[in-house]
Number of protein chains: 2
Amino acid sequence: MASFVSGGVCAPCGFSAAGVHAGVKTHATWKKDVALIVSDVPCAAAGVFTTNRVKAAPLLVDREHLANGQARAIIANSGNANACAPNALAHATAECEAVAAALGCPSTDVLVSSTGVIGQELNVRAIEAAVPGLVASLERSPEASDAAAHAIMTTDTVTKEAAVTCEVAGATVAIGGIAKGSGMIHPNMGTMLGFLTTDCAIDAALLHEALLEVARVSFNRISVDGDTSTNDSCLILANGTAGNAPIAEKGAGYRAFVAALTQLCVRLARAMAADGEGARHLIECTVSGARTEGPAETIAKSVISSTLTKAAVFGADANWGRVLCAMGYSGEEFDPEAVDVAFASAAGRVEVCAAGQGLPFDEAVAKAVLLEPEVQILIDLHDGDAACTCWGCDITYDYIRINGDYRT
Amino acid sequence: MASFVSGGVCAPCGFSAAGVHAGVKTHATWKKDVALIVSDVPCAAAGVFTTNRVKAAPLLVDREHLANGQARAIIANSGNANACAPNALAHATAECEAVAAALGCPSTDVLVSSTGVIGQELNVRAIEAAVPGLVASLERSPEASDAAAHAIMTTDTVTKEAAVTCEVAGATVAIGGIAKGSGMIHPNMGTMLGFLTTDCAIDAALLHEALLEVARVSFNRISVDGDTSTNDSCLILANGTAGNAPIAEKGAGYRAFVAALTQLCVRLARAMAADGEGARHLIECTVSGARTEGPAETIAKSVISSTLTKAAVFGADANWGRVLCAMGYSGEEFDPEAVDVAFASAAGRVEVCAAGQGLPFDEAVAKAVLLEPEVQILIDLHDGDAACTCWGCDITYDYIRINGDYRT
């Protein structure tokens, strides 16, 4: 098992970060809106991106810049998605060029991300003007990682940051990450925005494989509102300064790295689900007793995505019928008359359904279980040994308030 | 074109209806909770049901009773879904038997439906006790249809009732219907509950085909919350008393009947979407310029199902970026840079996006358009001549309130 440490994206050797207010967010001048993460040396780099047919301009630029598997820096802004907007591609390219000029590296070594409103022109001049100051304020410290994490927030209420260390091929390797989530979160190959750094020495192609593998079991298993964004991106930079024997094949070192990266990304993904727009509860749904992992995942995702189940958790109402209903329309085959369902949390566990039929249970106890900030929905299909866990959140008045008037 | 007339399920010759309070809804003794629709003579009958893997007991009974394509009566209760509940199958059968005994017909000629909470035992004794009174109060009148429409309401705020007349093979044929919707509405082969009557003479197999064909373009094109219920059912009884040459093949008569049935069911489906739980706005999304109807339907459904788009309409916020985003994750291929989007309503029309990019528009005008109770989202893919329209509703504080505490 990897150990969690502090420092976020600055935990690995050779990475520094910064976050400033550049003026993309015009309505809140005290809010940081541009983040920069830089490695002292060129890195192996990889990215996973949204499957949405409508892709924001930064994703197109990143795909090009990642073609050679190398990068050194990530610039990211909040407040504007730079998607379906005038001059989007030119502006995304200009951001990379501004950073490259300040760092003295090729612009293809800079990756770019944006998050915020779709369809409005990005104030790229403000970002260009801020880049020199941003570069000047780069630091390797937990505070610098935190500044970058703040600068990518939109409706997030807390930053999402984590770092782990693990042993890889004879050296201690660190992996750090920051992420943002909140709304339009139903990732499909990446998350709204996730930036990962590591000092591990690893081949760029294997780094990409590792990222795909880990995104599948972390970011791709959360949902806030079922809306897959145009901007979902998860980027990773590996600068190889940890001194491990470089990972060049899928041996023990690769597996140790993937295990640690998984722990890190699951923590960031859970944090994103817990801080879903307006959310009061993290919902963790585990489907066990499945024949294979695939159907377990589909069923768990259907449950955490069900608006009615989300509303029931908001109301602390042990309405397990909605859980069975969401399982039933998932599209997967299972025997409804074999299903057990329980709700659990720090306050205890209540069995509510056995073999597809309701059990008598104490409503007061069930309510206490569901009032906890983290609620588990435990489903057993009694059909095999495979299991899968997915994460979501409740839907609240605040979700409606936030999204009824986000743009104007 | 068929003409709309009054009378609901009692508009066609030879049909009577009733609705009473039997005691299934214990918390609201003034609310009707059992409906009965009866034909004077045996009818050709057909049904379409939910695709949810978890099916309520009444659906299993109906499938059996419809095997011979004949029925005479429909009994339906609200307040309890009779799904995943103790003795569900026995209770559904007992309801049919009670009605059969009172009418003097085989119990296989009675169809049964339930809607309400999942997982609690149905108070079938209360229904059995109410049946003699229910049969005694049968009437052929608009008021009787209205009583039946009231008796199937759950969180609906208004009844859904309509009837049409049309010319079929030399005779005037009437078709009537009542329906209920509100929550857990994302039908797939039927709707939450829809009961249709007609005096048209039509072969049972063709009646079934007509119902499938019409459900596909009406009930299956609405969504309130993306949750496909365990109880979705749409039943039709055709008693053949109109005097038309019986429809026995897919000729002009069949086509006239299907056209009239479509008009009726689209009206009921729109009414269901408009009265979605907590809804303040009907959202009608039309995707045109598609190569074929299939992709147009998938894209329109994705837009009306998008929680973020629904929240934007609630807030009268012309946030067309969310529309493009929902189109993009629909899974269909299209060229984002060819897409035009407009919002329209009784208050006017605003073009917001042309060729995939935002247009300048007057926010005050857009707000006025979106404040109307019926809002259109008009999308042109510029890729062909096919089009499709789907219907949904906004998501509001009331949706959360209703569903945060529905069961207890």
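Which side chain of chain B meets Glu333(A) in a salt bridge? The partner is Arg53(B), with N and O atoms 3.1 Å apart, a salt bridge being a side-chain nitrogen of Lys or Arg within 4 Å of a carboxyl oxygen of Asp or Glu. This is a predicted model, in which local features need pLDDT of at least 70 and side-chain atom pairs count only at pLDDT 80 or more, while totals for chains, interfaces and linings use all residues. Residues are numbered from 1 along each chain as its sequence is written, chains are lettered from A and ligands numbered from 1 in the order in which they are written, and side-chain values use heavy atoms, with hydrogens and water left out.

The contact, meaning heavy atoms within 4.5 Å, takes 54 residues from chain B and 55 residues from chain A. The area buried between chain B and chain A is about 4400 Å², and carbon and sulfur atoms give 56% of it; buried area is the accessible area (1.4 Å probe) that two parts lose on being put together, summed over both.

Within chain A there is a further division, into domain 1 (3-274) and domain 2 (282-404), with bounds that come from an automatic or database domain assignment. The centres of these two domains, taken over C-alpha atoms, are separated by 32 Å, and their contact takes 15 residues from domain 1 of chain A and 17 residues from domain 2 of chain A. Between them the domains of chain A bury about 1300 Å², 51% of it on carbon and sulfur atoms. Of the area that domain 1 of chain A buries against domain 2 of chain A, 47% is supplied by Arg221(A), Ser223(A) and Arg270(A), more than by any other three residues.

Charged pairs also cross this domain interface, where the rule finds 5 salt bridges. One links Arg221(A) to Glu297(A), whose closest N and O atoms are 3.1 Å apart. Another salt bridge joins the side chains of Glu293(A) and Arg216(A) (3.6 Å, N to O). Glu293(A) lies in helix α7 (residues 293-305) of chain A and Arg216(A) in helix α5 of chain A, so this pair ties together parts that are 77 residues apart in sequence; such helices (H or I, at least four residues) and strands (E, at least two) are DSSP runs, numbered from the N terminus. Glu293(A) is partly exposed, with a relative accessible area of 30%, and Arg216(A) also counts as partly exposed, at 37%, where buried means under 20% relative accessible area, exposed over 50%, and partly exposed in between (1.4 Å probe, protein chains only). Salt bridges that share partners join Arg216(A), Arg221(A), Glu293(A), Glu297(A) and Lys301(A) into one network.

Elsewhere in chain A, Lys250(A) and Glu209(A) meet in a salt bridge through their side chains (2.4 Å, N to O). Lys250(A) lies in the loop between β9 (233-238) and α6 of chain A, whereas Glu209(A) lies in helix α5 of chain A, so the pair ties together parts that are 41 residues apart in sequence.

A contrasting setting is found at Ala18(A), which lies in strand β2 (residues 15-20) of chain A and, at 2% relative accessibility, counts as buried. Leaving aside residues up to four places away in sequence, Ala18(A) touches a set of residues that includes Val34(A), Leu36(A), Leu134(A), Ser137(A) and Ala148(A).
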